Amino acid sequence: MISFILHQARDKERIAVMRRLFILLLFMYFLLPLPCSSLLLSDGYSSFYGNNASFSFSAGRAYFDTGILSYGEISERGMVKAFSEPYGLGFSLLPRTVRSSHKNGRNGVVLSLGAYSFLFSVNERPLQGIAFNSRYADIALLFAEGTDEERGFHEDAARTTLFDTVYGGLDLKWNFLRFSVLMSYAEEIGFKSVLLAGLTYKDYSITITCGSLIALYEESSESSIGIRGSFGENGFLFIFSHSKGFLPVFSEDYLGSESYTSSALRMGNVLFTSEMEASFSISGKRRHSESFTFVLPFLSVGYDTEKGMSLVIDADYFSFGYRNESPFVEMLWEVRREEFSFLAEVSTDNGFGLSMKVSL
């Protein structure tokens, strides 16, 4: 039994090493032969930019994009986000990779060949997906492998990631009209689906969503009906969403409602922004956060329910004020040349940092 466990551990370690080697080889093949036009190095962050490719590394995570092939965070945008959070903003069935500053995330590879895109995850829950993009319609198909974990008797089977699950989506767009249907199927659960219908004109939009999918991840959306939209004019933009949860068969608690709003107002050199999130469960559990910022050319004032008040006075290479619940002083020293720039930063709360950019 012990030898079997050790053998399994070695196999997992070997797979992890092979994945890292695969990513490195792809990076070397697609990026290094291209002429590099700029190099940026700073504390905990580095980037390489070429004529047709880019590579960056931050917070222990890598990202690169060659136009045809990209590698990065896959669950914050595109296909994976749509099947995990169909009630979220920025809905799209096309696979996407993005840079992420979070240490924990879900990495994957996206291969784009004309109208077709292919997605492969390289950690956590294995995913394989394909999408087709046209002027009036996007079509997507995603397969998610199940896990071997056991679930409790009182857990809703559709809210777990135990089963092999197939996801499919059709997104139809014509002028200002949009209609989308998402479906999920697992042999142990059956079919679950989501319907979306919306109107969009410039900064004005409204979308109605109803239904639910089998959970792609443990934190996937639990909503069953919702509305989201936006409106704006002449430097003002307001975005909102609101959804209500459903009642699982066995669970003692479930999502009652979830709301999000954000707004931005620009008047000349003055910018005001605000953001609010709130959710309520049927048992009375409440989560709430809000923030606002007021920005002038040399002054920024803000408030965040998690970070508290902030006040920053900026005088080019010298700034001071109050942020992250403590006073601070920060000094910058910058040297700029035609093909070279150097920036040194000394701060009482962020320590010492260096940034260098070289154009080749």
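Predicted model: local features only at pLDDT ≥ 70, side-chain atom pairs only at ≥ 80, totals over all residues.

Me: What volume does the largest pocket have?
Reply: About 1100 Å³. A pocket here is an open set of points on a 1 Å grid over the protein atoms alone, where a 1.4 Å probe fits, with protein on both sides within 12 Å along at least five of seven lines. Volume is the space filled by probe spheres set on the points, joined across faces, edges and corners.

Me: Which residues lie nearest its centre?
Reply: K81, E85, E219, E258 and E277, out of 42 lining residues (an atom within 4 Å of a point).

Me: Which element gives the most to that lining?
Reply: β17, with five residues. Strands are DSSP runs of E, at least two residues, numbered from the N terminus.

Me: How do the lining residues divide?
Reply: Nine nonpolar, 19 polar and 14 charged. Asp, Glu, Lys and Arg count as charged; Ala, Val, Leu, Ile, Met, Phe, Trp, Tyr, Cys and Pro as nonpolar; the others, Gly among them, as polar.

Me: Switching to the second largest pocket. What is its volume?
Reply: About 340 Å³. Its lining has 21 residues, with R178, T200, S205, T207 and R228 nearest the centre.

Me: Which strand gives the most there?
Reply: β12, with five residues.

Terms used: Residues numbered from 1 in each chain as written. Heavy atoms only, no water. Helix = DSSP H or I, 4+ residues; strand = E, 2+ residues; numbered from the N terminus.
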